[in-house]
Amino acid sequence: MYKSLMFVRFALSDRIGHWILAMAFLVLALTGFSQMVPLNPVSLWIMNAFGGVGNIRIVHHILGFIFFVMMLYSIGAVTYRAFIRRISIKAVPDFSDIRDIFQSYKYNFNLTNEKPSAGRVELTGKVLLWGLIWSSVIMVISGFIILNPIAATNLLPGIVIPMAKTAHGYEAVLVVLALALWHAYFLLMKQLAFLINNKFPEARKSRRFDHPLETVDWFDKREIVPVTQQAIETYWRYYLPGYLLVSGFIMMGAIYFVNFEKTSILTLINPEDVNIYAPETMLASADLSTAPDVIPEHLVGPYSVDTIHSWDTCINTLVLTQCTKCHETENVIGVNLNTYSRLVESGLVVPGEPDNSPFLEIVSDADHVGGHVNGLYAVYYDWIASGAPEISYPAGLIEKYSNLTWKKDILPIMTRNCVECHCSSNYGYLDFRTYYSTLDSDSIRFSSPDESKMLNIIEEGGHPGLLSAEGLLIMHEWIRTGARSGMTPDEAADEYRAVQLEECVSKKIEPPAAPTSGVLTSEESAAASDMKSIWDSGLGAIFQAGCTGCHGAGAMGGLNLSSYESVMASGVIVPGDPAKSLLVTKMESGSHPALLSASDLDAVRNWIAGGV
Amino acid sequence: MAIKRKGGSILIRPVKMGVLCICVIYPAIALALSLTSPYLQSAQSAWGQETANNDKCFECHSHDFALDFPSGESVSVHVDKEAYDSSVHGQKGFACTTCHVGNYEYPHPIQTEVNYRDFALKLYPVCTQCHEEQLEEIENNPHMVSLAAGNPRVAVCTDCHGKHNIQKVSEAKSPINRTCGKCHGEINELYEKSVHGAALIGEGNPDVPTCTDCHGAHHITGPSNSPFHLFSPQICAKCHGDTALMNKYGINPNVMETYVTDFHGKTVMIFETIASDQETNKPVCIDCHGVHDMLAPTDTHSSVMKENLLVTCRKCHPEASANFPDSWLSHYSPGEARVRPVFFVQAFYWILIPVLIGGAALYVISDYLRQLKAIRRGG
């Protein structure tokens, strides 16, 4: 009975298409939801069910593509009905729909008993259909943009990517809510409720109730538009090939577009290419982090203009900050570079020969822990090429200062600055008037300015007479380069004798005997013999106890008082004249660090006085 | 009788006492000793000879004597007494032999180590006798794993904390990065040039992170284990999600929030939650901002400065076009002016969804009631 009243509203193809669409939609909603709000338990459950977010995305993209295919099918179906079957498209909205909307609300709120008289696709379905079309367009376009962001930004501004992403998410929310509310209520819940209650007549009545125009169409006209032979011919000859061709192109395009872009690399590259284990590079520690690439002004020293950098003014600072971190405190590989002499003695620096200096090779070696000198390489190179000077001197004076001699360079300085005091036996028994007496003074040490007392005393300051900076520089270089005399040995000996002779003449005393005589007068011999016996009988013990601690074998200040002979040769006593004897005057002045007792000093004084 | 009794008691008492001692007191003492001796022994080994006189040690070790190893190394055994006395251990009056167990007399036991490093590696476990918690913390750190694998060049306690001049970490004179930099020099070099390192070294700013803030002190984690990379945004967020701290420096406090709402951050969060042992190819903070050399985004050398952003994007998106970097909202929320178009899309839906769904809901409810009413009336 009921069967005769049943009629087919949707063709089989429509129903299959509908359920494919429904399934795709459901899975798209689930997979989309789990991506949109991923950290809630439902989303995590869905993700785990699909095997992770990667799978979720693949499934989402595939179903999105199926959805797109269904859109193509729907377009085909609609165009077929419109242009081949010539069935009027009743889902097209018109002004009557607006009227129907108000009419519906009024009816529902009991403001009227007259229902809106919608056609086959009644008002609710029409809203749903057009909502779906709108959403499909939005979702497909925004989905394509999200899926192919690089291709999209080749044509569009970058901001469309987040816009598309936002639209895709919100549109999905809208569609899901709309379908959940609208579709489920009208097309599922409402009719299902009547079926469950076994009230099919009501359902039928409901159908008439809901689709009055369609029901009238169906029962009254049966076939709205008959399928003519011409329509069938047109379908096979034109429509189907055309549709397949167009949709085929679109499908191929779609397949291409979802696959053509490789948006990103699959594995992240290492964000930082660095040696994890790199012990103490020169720039790693506190002091070294400020090691200069360009020499700061304060390191250049007093001769900052046209100056060759020297150890004292520049290089030592660089070396001390770069090298001695290892090559001093830890003394790595036995190389200690904390002084100039050690650097040069190590053989790493060959003055004047940068190409033969291993130092340059080492500091520029990236494998060397303290390598990477950057702009400093040139500084080191220039320094070594210019002779690796220990101190700075003005450029242009290099030649002059590279061949310094006593006669040419030092004697004038001494004469001008030193010999006013340091002559004869005055002032510390220093005589700087001649080359030999200067060497005898023990004030200089060949090739080692740092260990030369003369320079140390002046550099410390406080000495009554000081050299000019250039004078000091010349002295320094003269000693460093070997304190050469610039004379033959005979010339040097003559210089010495001449000065001694001059002194004797001025003091009206006999000049010292020629070294070769070696014969004493009888008086001298007797006095000497007398002094020797007194020395031997006990006086020597005074010297032994009071003086030889310093002036013994160590000969501090060049003075050796350990034996009678050495005392007599030292010149600190003038036999017969205690007042002129430096030993006595020094003790009497109280300025000597260690003093003899009064009785011992008297004994020495008497010993000298009786020595005539 | 009395004498006998007395004498008997005198004779019997020692016997009783003997029996008592043998049967009760001695076993009790033995039991007590056996129970307590392990503790006594461990206390002894832990604290060494408390009564040892450090002055005796310094009679020799204040001089610059050297310990020669078969390797040819000659290592000074001089110890600066003042430095030790002011150290955290010296202040507590620990004896030298607390750590140098066994060196109670001279000559000391002969060293059998071939080189100085072996000597240090032999000695460092003594630290863990007192610092048991740290022993647990270092157990699986990369240094210890590497040491166990036979690499002697990894850091042990004394390499970081020093030996005789150990200070509290809070009072350490040199920044922590300099300590790590002793071995990780290149990384430290990058760090000191970074926005964090420059603030720490240049300004002494304590708010910026140093090595241990990200990698931990004893339980060290690093890039060798992939979860570190995956979870590294959480490390950054410790500071960059702290609104008060970020406001202090005028830095956007929403960087983490905006990161996780974006595609990259969202994916990373998903991996953190359900697949923490897997790699993802989505970038975390350090992939864009740099690892140790990260700079302020206003710095012209910053990898995330607008002009440099395309280069940074191309690290992962080699074919990115010039427009592509604009797809990243630069940690701005959609409401902010720079990303206004996104806000418009958002606002459109904020209006559309309530209107449509609200209207539909109203229709559904009213329709339901109307239908109900119609059914009650019999159709």
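Helices here are DSSP runs of H or I of at least four residues, and strands are E runs of at least two. The model shown in all views is predicted.

**View 1. Chain B is built from 21 helices and two strands.** Chain B has 379 residues, and 21% of them count as buried. Take the contacts in chain B between residues at least 6 apart in sequence: 52% of these join residues at least 24 apart.

**View 2. Chain B meets chain A through 57 residues of its own and 56 residues of chain A.** On the chain B side, the elements that give two or more residues are helix 11 (176–181), helix 12 (185–193), helix 18 (263–274), helix 19 (285–289) and helix 21 (340–376). Helix 21 of chain B gives the most to this side, with 16 residues. By class, the side of chain B that touches chain A has 29 nonpolar, 16 polar and 12 charged residues.

**View 3. Helix 3 of chain A crosses helix 18 of chain B at roughly 80°.** Helix 3 of chain A spans residues 41–50. The two axes come within 11 Å. Angles of 65 to 115 degrees count as roughly perpendicular, so helix 3 of chain A and helix 18 of chain B are roughly perpendicular to each other. Chain A supplies L44(A), M47(A) and N48(A) to the contact. Chain B supplies I270(B), T273(B) and I274(B).

**View 4. Within chain B, helix 12 crosses helix 13 at roughly 80°.** Helix 13 of chain B covers residues 195–203. The axes of helix 12 and helix 13 of chain B come within 4 Å. These two helices of chain B are therefore roughly perpendicular to each other. Y191(B), E192(B) and K193(B) stand on the helix 12 side. They meet H196(B), G197(B), A198(B) and I201(B) of helix 13. The residues of this contact divide into three nonpolar, two polar and two charged.

**View 5. S330(B) and H331(B) lie in the loop between helix 20 and helix 21 of chain B.** Helix 20 of chain B runs over residues 306–314. S330(B) is not a glycine, although its phi is positive, about 55°. H331(B) is not a glycine either, and has a positive phi of about 65°. A residue is buried if 20 or more other C-beta atoms lie within 10 Å of its own, and exposed if 12 or fewer do. S330(B) has 16 such atoms within 10 Å and is therefore partly exposed. H331(B) has 19 C-beta neighbours inside 10 Å, so H331(B) also counts as partly exposed.

**View 6. Helix 22 of chain A covers residues 469–480.** Helix 22 of chain A has 12 residues. From first C-alpha to last, helix 22 reaches 16 Å, close to the 16 Å expected at 1.5 Å a residue. The buried residues of helix 22 are I474(A), M475(A), H476(A), E477(A), W478(A), I479(A) and R480(A). Just after helix 22 of chain A, G482(A) takes a positive phi of about 110°.

**View 7. Chain A averages a pLDDT of 74.** In chain A, 70% of the residues score at least 70. Over residues 215–224 of chain A, the pLDDT is below 50. Beyond near neighbours in sequence, this stretch has six contacts in the model. Residues 511–520 of chain A also have a pLDDT below 50, with six contacts beyond near neighbours in sequence. Where pLDDT is low, the predicted coordinates should not be read in detail.

Notes:
Residues numbered from 1 in each chain as written. Chains lettered and ligands numbered in written order. Predicted model: local features only at pLDDT ≥ 70, side-chain atom pairs only at ≥ 80, totals over all residues. Contact = placed C-beta atoms within 7 Å. Nonpolar A, V, L, I, M, F, W, Y, C, P; charged D, E, K, R; others polar. Axes fitted to C-alpha atoms, helices over the stretch in contact; angles between N-to-C directions. Parallel < 35°, antiparallel > 145°, perpendicular 65-115°, else oblique. Expected span 1.5 Å × (residues − 1). pLDDT = per-residue confidence, 0-100.
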